[in-house]
Amino acid sequence: MTEEARFAFGKNWQSFLAELDDDRIEHAIGSLKQLLGVQTLEGKRFMDLGSGSGLFSLAAHRLGAEVVSIDYDRFSVACTEELREKYGSNSGKWEIYQGSVLDSGEMQQLGIADVVYSWGVLHHTGAMKEAISNAADRTRLGGIFCLAIYNDQGGGSRRWLRIKRCYHAIPVWLRFLWVIVIAGYYECKFAGVRLLRCKNPLPFGDWREKRRDRGMSAWHDWVDWIGGLPFEVAKPEEIVELLRKQGFILESMKTVGNGWGCNEYVFSKAEN
Ligand SMILES: C[S@@+](CC[C@H](N)C(=O)[O-])C[C@H]1O[C@@H](n2cnc3c(N)ncnc32)[C@H](O)[C@@H]1O
């Protein structure tokens, strides 16, 4: 196993697409509207960096934006193309490219956007700060930059890094079992906590919440979370400071406190 081990995000997204339905799409649209505080993206250019399944590119497309989707993984690109083919309207403009946020030349060719969206991506590039800076540069003056970055839990994050490295060190046929063991362990732990709080210990409520939140699937999130390398983390203040130096103003932020998962940020790019 080397530091360069890379999780097959696109294959996981291909499997997720088999579960995609109108209900999940509506939840994704709702969550994007809520995150951006808008009802429509008509007349806006939306750049989805690390489009993954393509679900949020589709959400922006449905909200009327001109969309540009980019992903490093060719299977993610194929997923996004599949969604455009299946659910996109002919009238809307939606371009899809394979490329890396780390390639500043390629990024410059994409131009700038009113909304740059990169959810759960830049910490998976292997050079998070450079990726954040490149992504931020794609935002037009007065535009919006939304990103979600894994929370730095200190020891907890280092433990997760070991779990992920183990996933990549074992034979491919054992990885499914590794996901079952780790996810099973944590689901049991969560069930215990729910029981102590006199709540129903079964996980179905949490899984439904995940679906309602961003249209995601609990199983595919576990696979992504347990296999997802490269992996970096950051405390909210680090992200805010990094982007402040690039001329961004924090508009809103949703953090996970001391917990795991992503902190979500919405910045605007100062006009002067
Ligand atoms: C966890 S998924 C997030 C997908 C999507 N943004 C979402 O919110 O569902 C991370 C995605 O980032 C992509 N990615 C990783 N490194 C990248 C890079 N350097 N440039 C562009 N995309 C990258 C992966 O291929 C993967 O599809």
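Select Leu49 first: Leu49 stands opposite Ile70 in S2. Helices (H or I, at least four residues) and strands (E, at least two) are DSSP runs, numbered from the N terminus. The model is predicted: local features need pLDDT of at least 70, side-chain atom pairs count only at pLDDT 80 or more, and totals for chains, interfaces and linings use all residues. Residues are numbered from 1 along each chain as its sequence is written.

Next, select residues 45–49, strand S1, together with residues 66–71, strand S2. These two strands pair in the parallel sense over five bridges; two strands count as paired if DSSP finds at least two bridges between them.

Now show the whole sheet. It is open and mixed in its pairing, with seven strands in the order S3-S2-S1-S4-S5-S7-S6. Strand S3 (94–98) and strand S6 (248–254) each have a single partner strand and stand at the edges, so one side of each has no neighbour in the sheet. From one strand to the next, the twist averages 15°.

Turn to the ligand. Its surroundings comprise 21 residues, and the closest are Phe9, Gly50, Gly52, Asp73 and Trp119; a residue belongs here if its C-beta atom, placed from the backbone, lies within 6 Å of the molecule. Helix H1 (9–17) and S2 are the elements that give two or more residues to this shell. The shell has eight nonpolar, 10 polar and three charged residues. Here Ala, Val, Leu, Ile, Met, Phe, Trp, Tyr, Cys and Pro count as nonpolar, Asp, Glu, Lys and Arg as charged, and the others, Gly among them, as polar.

Colour the domains separately: domain 1 covers 9–152 + 231–269 and domain 2 covers 155–227, with bounds from an automatic or database domain assignment. Where do they meet? In the contact, 15 residues of domain 1 face 14 residues of domain 2; residues are in contact if their C-beta atoms, placed from the backbone, lie within 7 Å. H2 gives the most to the domain 1 side, with five residues.

Finally, select H2 and helix H9 (residues 204–214). They pack at an angle of about 60°, with their axes 5 Å apart. Axes are lines fitted to C-alpha atoms, for helices over the stretch in contact, and angles run from 0 to 180 degrees between N-to-C directions. H2 and H9 are therefore oblique to each other: angles under 35 degrees count as roughly parallel, over 145 as roughly antiparallel, 65 to 115 as roughly perpendicular and the rest as oblique. Arg24, His27, Ala28 and Ser31 in H2 meet Arg211, Arg212, Asp213 and Arg214 in H9.

Terms used. Contact = placed C-beta atoms within 7 Å.
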